[in-house]
Amino acid sequence: MISRSMALATALLLVPGAALAHPGHGEAAGLAAGFAHPIHGTDHILAMVAVGIIAGLVGGRALWLLPASFLGMMTIGAALAMAGLDLPFVEPAILASVAAFAVMAACARLIPLAALAGLVGAFAVFHGAAHGAEMPETASGLSYGLGFLAATVGLHAAGLVAGLMLTRWLPRSGGALRQGA
């Protein structure tokens, strides 16, 4: 019989094919456009909610460390792109992050917190680079970035609530999500 954690991981692994990263999002200007951007992209929703889910499943310091790692490294990635650094494989890395975060969610309690934070941060650089390349170098670009960060916090929070709920829903015995609890 398939455990609930394996079912969750399988469901999350099947979704990346539907996630088309960054085509045709329109003009990247202003707070509202920045806030709307992650909510209208399947890749963003999946990755950012998954970070919250992983944090909720692990608990403790992960509750703040994983979302903070994503936000900080995403900001650095955006700054690098805005400075003209063209990272290779941005789009494939963003899609890979969705699959990697699914695996990380299934094995959340088996992976050391430092490794989780490092992986989350590494993938976040690519998410940030994609958006930094889209932002205009004006005040509206700064507003866009702030809106994007605010929406990211909201998506992390939604995932965090889901992860905390999953820890109550999953049985205490069996399933990789609860091992080591």
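Author: Start with the rings. This is a predicted model. A search of the whole structure finds two aromatic pairs.

Reader: Why is the pair F101 and F123 called edge-to-face?

Author: Two values decide. The ring centres of F101 and F123 are 5.7 Å apart, and their planes stand at 85°. Centres within 6.5 Å make a pair, and planes over 60 degrees apart count as edge-to-face. The F101 and F123 pair meets both conditions, so it is edge-to-face.

Reader: What does the pair of F101 and F123 tie together?

Author: F101 belongs to helix 5 (residues 90-106) and F123 to helix 6. The pair therefore ties together parts that are 22 residues apart in sequence.

Reader: Is F101 buried or exposed, and how do you know?

Author: The relative accessibility of F101 is 0%. Buried means under 20%. So F101 counts as buried.

Reader: And what makes F123 buried or exposed?

Author: F123 has a relative accessible area of 17%. The cut-off for buried is under 20%, so F123 is buried.

Reader: What makes Y144 and F148 a stacked pair?

Author: Their rings lie 6.4 Å centre to centre, with 25° between the planes. The limit for a pair is 6.5 Å, and planes under 30 degrees apart count as stacked. Both values pass, so Y144 and F148 form a stacked pair.

Reader: Where do Y144 and F148 lie?

Author: Both are in helix 7, four residues apart, about one turn of the helix.

Reader: Why is W64 called exposed?

Author: W64 has a relative accessible area of 53%. Exposed means over 50%, so W64 is exposed. W64 sits in helix 4. Its C-alpha atom is separated by 9.2 Å from that of G52, 12 residues apart along the chain.

Reader: Which residues of helix 4 are buried?

Author: The buried residues of helix 4 include L66, F70, L71 and M74. Among the others are P67, S69 and G77.

Reader: How do you know that the length of helix 4 is close to the expected one?

Author: Helix 4 has 21 residues. Just after helix 4, G84 takes a positive phi of about 100°.

Reader: Why do the buried residues of helix 2 line one face?

Author: The buried residues of helix 2 (residues 31-39) are G34, H37 and P38. Seen down the helix axis, they fall within an arc of 80°, so they line one face of helix 2.

Reader: What lines the largest pocket?

Author: The largest pocket holds about 200 Å³ of space. It has 14 lining residues, and the closest to its centre are T75, A78, M135, G145 and L149. Helix 4 (62-82), helix 6 (113-134) and helix 7 (139-169) each give two or more residues to the lining. Helix 7 gives the largest share, six residues.

Reader: How many lining residues of the largest pocket are nonpolar, polar or charged?

Author: Nine are nonpolar, five are polar and none is charged.

Notes:
Residues are numbered from 1 along each chain as its sequence is written. This is a predicted model: local features need pLDDT of at least 70, side-chain atom pairs count only at pLDDT 80 or more; totals for chains, interfaces and linings use all residues. Side-chain values use heavy atoms; hydrogens and water are left out. On a 1 Å grid over the protein atoms alone, a cavity is a set of points where a 1.4 Å probe fits but cannot get out, and a pocket is an open set with protein on both sides within 12 Å along at least five of seven lines; lining residues have an atom within 4 Å of a point. Grid points are joined across faces, edges and corners, and a volume is the space filled by probe spheres set on the points. Ala, Val, Leu, Ile, Met, Phe, Trp, Tyr, Cys and Pro count as nonpolar, Asp, Glu, Lys and Arg as charged, and the others, Gly among them, as polar. The expected span of a helix is 1.5 Å times one less than its number of residues. Buried means under 20% relative accessible area, exposed over 50%, partly exposed in between (1.4 Å probe, protein chains only). Rings of Phe, Tyr and Trp (its six-membered ring) pair if their centres lie within 6.5 Å; planes under 30 degrees apart count as stacked, over 60 as edge-to-face and the rest as tilted. The arc is that of the directions from the helix axis to the C-beta atoms.
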